[in-house]
Amino acid sequence: TITWKGREWNVRQQDQGGPGPDNWDEDNVFIRDDKLVLKITKSNGKWYTAQIQTQEMLGYGTYRFVLDTPVTFDPNVVLAGFTYVDDLNEIDVEYAKWSNPLEPDNGQFTVQPYDASPDQLLRFSVPPTLMGLRHEIMHFPNGVIICAVYDADGKLLERWEYGGTHLPQETAQWFFNLWLVK
């Protein structure tokens, strides 16, 4: 357990399991200068990933976070901030190339299940030098709005509204994770 931003967070312990074929390690999560740091490490030929989740269930409202690193990951790495109850009640902000080094779109906003309808997923491209990407996820009873904004002038990189037939339930835990697709 760690305390960060006024909340108690559970750190995923050493185990295996989804997403991905991952090994998780609590030592890959820490706070430095009031910023959350997630890392991937390799030990004895195995890769270890990182995840935290709020202890409490959160409801409708606005969730904000800042990504303070450029999105220039290995094609197998996924960085995500998301609400989660189960695979049918999840709202995602994810940065990944999904194992395709030539994929130009390295960001996505999703209401799960992403494959239920084409309007439940938006893919977009984030410039490789962009830092300080601010996010707002607004979750309402009748929809979801997600924005990614950059620089001090508040330039909008991407904005997505979803009000489709599948809306995630009100209460969920908030997660951050850094994991490997394969």
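Start with six strands: β2 (7-11), β6 (35-38), β9 (61-67), β10 (77-86), β11 (89-96) and β17 (173-180) each give at least two residues to the lining of the largest pocket. Strands here are DSSP runs (E, at least two residues), numbered from the N terminus. The model is predicted, so local features need pLDDT of at least 70 and side-chain atom pairs count only at pLDDT 80 or more, while totals for chains, interfaces and linings use all residues. Residues are numbered from 1 along each chain as its sequence is written, and side-chain values use heavy atoms, with hydrogens and water left out.

**Stop 1: the largest pocket**

Select Trp4, Leu36, Phe65, Val66 and Phe176. Of the 31 lining residues, these lie nearest the centre of the largest pocket. A pocket is an open set of points on a 1 Å grid over the protein atoms alone, where a 1.4 Å probe fits, with protein on both sides within 12 Å along at least five of seven lines; lining residues have an atom within 4 Å of a point. The volume is about 930 Å³, taken as the space filled by probe spheres set on the points.

Now colour β9. This strand supplies seven residues, the largest share of the lining. By type, the lining of the largest pocket holds 18 nonpolar, five polar and eight charged residues. Here Ala, Val, Leu, Ile, Met, Phe, Trp, Tyr, Cys and Pro count as nonpolar, Asp, Glu, Lys and Arg as charged, and the others, Gly among them, as polar.

**Stop 2: the second largest pocket**

Move to the second largest pocket, with about 390 Å³ of space. Select Pro19, Glu90, Glu94, Gln112 and Trp179, the closest to its centre of 19 lining residues. β10, β11 and β17 are the elements that each give two or more residues to this lining. The lining of the second largest pocket divides into nine nonpolar, five polar and five charged residues.

**Stop 3: backbone exceptions**

Most residues other than glycine have a negative phi, and most peptide bonds are trans. Which bond is cis at Pro19? The one from Gly18 to Pro19, with omega near 0°. Pro19 sits in the loop between β3 (15-17) and β4 (22-24).

Go on to Gln112 and Pro113. A cis peptide bond joins them, with omega about 0°. Look for Pro113 in the loop between β12 (107-111) and β13 (121-124).

Next, select Asp33. Its phi is positive, near 55°. Asp33 lies in the loop between β5 (29-32) and β6. Is Asp33 buried or exposed? Asp33 is exposed, at 70% relative accessibility. Buried means under 20% relative accessible area, exposed over 50%, and partly exposed in between (1.4 Å probe, protein chains only).

Then pick Trp98, in the loop between β11 and β12. Trp98 also has a positive phi, about 55°, although it is not a glycine. At 29% relative accessibility, Trp98 counts as partly exposed.

**Stop 4: the rings**

Show the aromatic side chains. The structure holds 14 aromatic pairs. Rings of Phe, Tyr and Trp (its six-membered ring) pair if their centres lie within 6.5 Å; planes under 30 degrees apart count as stacked, over 60 as edge-to-face and the rest as tilted.

Zoom in on Trp4 and Trp9. Their ring centres are 5.5 Å apart and their planes are at 50°, so the pair is tilted. Both residues are buried.

Phe109 and Phe124 form another tilted pair, at 4.7 Å centre to centre with 55° between the planes. Phe109 is in strand β12 and Phe124 in strand β13, 15 residues apart, so the pair links distant parts of the chain. Phe109 and Phe124 are both buried.

Finish by selecting Trp4, Trp9, Tyr63, Phe65, Trp174 and Phe176, which form one aromatic cluster.

Terms used. Helices (H or I, at least four residues) and strands (E, at least two) are DSSP runs, numbered from the N terminus.
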